[in-house]
Amino acid sequence: MRRIQKNIIITAAVIVLLIVAAIIVIRYIAVVRMSGANSSGKSVYTIYSEDTRDIAYVEVSNETETIRAENLGNAVWTVNNMSSYEVDLSKAYGLAGTVSTLTSKNKIEDSDLSKYGLDNPSVTVTISKKNGDSDTLYIGGKTPEYDEYYIKKSGDDAIYTVYAFKVETLKQPLKYYTEFNRFNVNSDDILGITIIKSDELIDISKNKDDFWEMSSPYLSAANNEYVERKILSKIEEIDLSEPLEDVEAGITSTFPVVILSVEPYNNITGEYGDIYTETVIIGKTFGDSAYVKYRNNIYSVSADSVGFVSESAYSIINKMQAFADMEKIKSVTLEYEGAVHTLAIENGREVVFTLDGEETDKNASMTVCNKITGLSVDGIYNNETMGDTVLKISYKGIKSADNLLVEFKEIGDESCAVVRDGVAQFTIKKSKIDDFIELFNEYAENPQAE
């Protein structure tokens with residue numbers, strides 16, 4: 001047995017030695033190969049190298065115009081002092097990135113600049129740094145052998161070559177930076193949506209808790225699921241890649257206008273950029289397509305992607321208009337048929353309910369709270385005459401800002417107006433209120449029962 005163990009140990013040791021030897025040989029071969037490549041390969045010359053964060057601006061001048069890409073900080077660049085919503089920021093950043101690192105495999109020692117078109121450069125690039133220093137690059141003619149251009153840097157007597165695609169980027173006109181599809185945006189960056197129609201103005205925006213609220217035509221919480229699924233996801237589908245011609249008749253001043261308020265998030269810096277707005281006009285629908293005007297161009301898009309403009313404000317509101325956020329509420333007082341009951345809510349490790357000072361069964365109280373939050377509105381209040389108050393629900397918030405008073409006032413025999421803090425905007429079927437009062441009466445009579 002010991003002999004077997006000894007043989008196993010010896011075998012293992014031999015294997016380890018072989019592995020170590022193999023690693024040494026592999027590393028030696030790699031070093032030799034690298035040395036051979038360096039000795040036989042061409043040298044790579046650095047023409048220019050600068051961190052884009054240290055560059056204040058890059059100015060590119062040619063025979064017809066001058067483009068100036070300016071560093072606004074946090075990896076955001078603009079062109080010719082245009083605002084962030086007028087220019088494609090990625091293209092502006094790309095111009096700076098094009099010149100920030102320039103290398104070449106060709107270095108020419110020659111003082112006759114005319115042979116390379118550098119006596120009268122086609123493009124001059126000035127790079128101004130934040131420390132006050134600046135450098136200048138001169139681009140001449142195209143090389144006869146390769147798809148490259150001759151380039152020279154101020155202060156360096158040598159001439160180099162640079163790839164043509166780099167120079168073509170620098171030669172782009174101002175129009176290049178203003179032609180882009182801003183609608184390729186992350187819906188998470190949209191803070192506000194305004195839809196202007198001939199008969200209605202809908203305005204919704206995110207609050208500090210990232211929930212959507214409507215400020216027009218109703219002061220109401222919005223249905224977040226509806227906004228995400230029916231509006232935001234559709235906006236992301238709008239494709240403005242191919243402009244059309246001669247379809248101005250498809251757009252008139254009477255068609256809906258959509259205005260988006262956007263706060264772009266930079267994944268590189270982890271910071272938000274400046275808020276800007278985008279505006280599109282929705283035109284005629286033809287089959288499965290619709291006309292859309294964005295800036296000075298007309299596009300054909302999927303009719304489904306802009307169908308949300310036809311929805312009414314009532315479709316967007318949160319129909320649960322009779323409740324507040326229970327996590328922010330410490331008591332709810334209900335008044336009906338001459339009775340007054342106060343349900344206190346203590347949110348600790350466990351939620352504790354007390355009705356009129358007496359502790360209640362948690363499950364029974366949760367059922368009642370769910371019934372309150374389940375009181376959904378059924379229509380719009382149209383200035384009907386309101387009668388007696390059938391039910392009054394007073395919420396006392398942990399903070400005074402969360403206080404809320406909801407009253408249900410009779411409108412004829414079938415409906416009630418929902419009056420929130422003195423404002424009536426919606427209606428609810430009276431049968432819903434009657435059913436709720438009956439349920440709450442049973443609970444108030446025996447709040448300890450499961």
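A residue is taken as buried when its relative accessible area is under 20%, as exposed when that area is over 50%, and as partly exposed in between, with a 1.4 Å probe and protein chains only. By this criterion, buried residues make up 37% of the 450 residues in the protein chain. The model is a predicted one, in which local features need pLDDT of at least 70 and side-chain atom pairs count only at pLDDT 80 or more, whereas totals for chains, interfaces and linings use all residues. Residues are numbered from 1 along each chain as its sequence is written, and side-chain values use heavy atoms, with hydrogens and water left out.

The secondary structure of the protein chain comprises eight helices and 30 strands, where helices (H or I, at least four residues) and strands (E, at least two) are DSSP runs numbered from the N terminus. Contacts, defined by heavy atoms within 4.5 Å, were examined by sequence separation: among those in the protein chain with a separation of 6 or more, 56% are accounted for by residues 24 or more positions apart.

Grid points are joined across faces, edges and corners, and the volume is the space filled by probe spheres set on the points. The count of cavities of 30 Å³ or more comes to one, and the largest cavity holds about 30 Å³ of space. Its lining is formed by L102, I139, I151, V162, K166, V167 and L170, and helix α3 (residues 164–170) supplies the largest share of that lining, three residues. By residue class, the lining of the largest cavity divides into six nonpolar, no polar and one charged, with Ala, Val, Leu, Ile, Met, Phe, Trp, Tyr, Cys and Pro counted as nonpolar, Asp, Glu, Lys and Arg as charged, and the others, Gly among them, as polar.

Across the whole structure, 15 salt bridges are found, each being a side-chain nitrogen of Lys or Arg within 4 Å of a carboxyl oxygen of Asp or Glu. One of them joins the side chains of D51 and R53, at 2.7 Å from N to O; D51 is partly exposed at 30% relative accessibility, while R53 is exposed, with a relative accessible area of 60%. In another, the side chains of E59 and R68 meet at 3.7 Å, N to O, and here E59 is partly exposed with a relative accessible area of 23%, as is R68 with 32%. A further salt bridge pairs D209 with K328, the closest N and O atoms being 3.3 Å apart. Because D209 lies in the loop between β12 (201–206) and β13 and K328 in the loop between α6 (313–316) and β22 (329–336), this pair ties together parts that are 119 residues apart in sequence. D209 is partly exposed, with a relative accessible area of 37%, and K328 is likewise partly exposed at 30% relative accessibility. Salt bridges also link E50, K129 and D135 in a network.

Individual polar contacts, that is, pairs of N or O atoms within 3.5 Å of which, within protein, one must be able to donate a hydrogen and the other to accept it, residues adjacent in sequence counting only if both atoms are side-chain atoms, were then considered. K197, in the loop between β11 (190–196) and β12, is buried at 17% relative accessibility, and a polar atom of its side chain lies 3.0 Å from the backbone oxygen of V309. Apart from neighbours within four places in sequence, K197 is in contact with I202, P256, V309, S310, E311 and S312. S216, which lies in strand β13 (residues 212–216), has a side chain that reaches the backbone oxygen of L201 at 2.9 Å; residues up to four places away in sequence not being counted, S216 touches L201, I202 and D203.

Y299, found in strand β21 (residues 297–302), is buried at 5% relative accessibility. A polar contact of 3.5 Å joins the side chains of Y299 and N297. With neighbours within four places in sequence left aside, Y299 is in contact with L240, S241, E242, P243, L244, A290, Y291, V292 and Y294. Y299 and E245, 54 residues apart in sequence, are separated in space by 8.6 Å, C-alpha to C-alpha.

Technical notes
1 Å grid on protein atoms, 1.4 Å probe; cavity = no way out; pocket = protein on both sides within 12 Å on 5 of 7 lines; lining within 4 Å.
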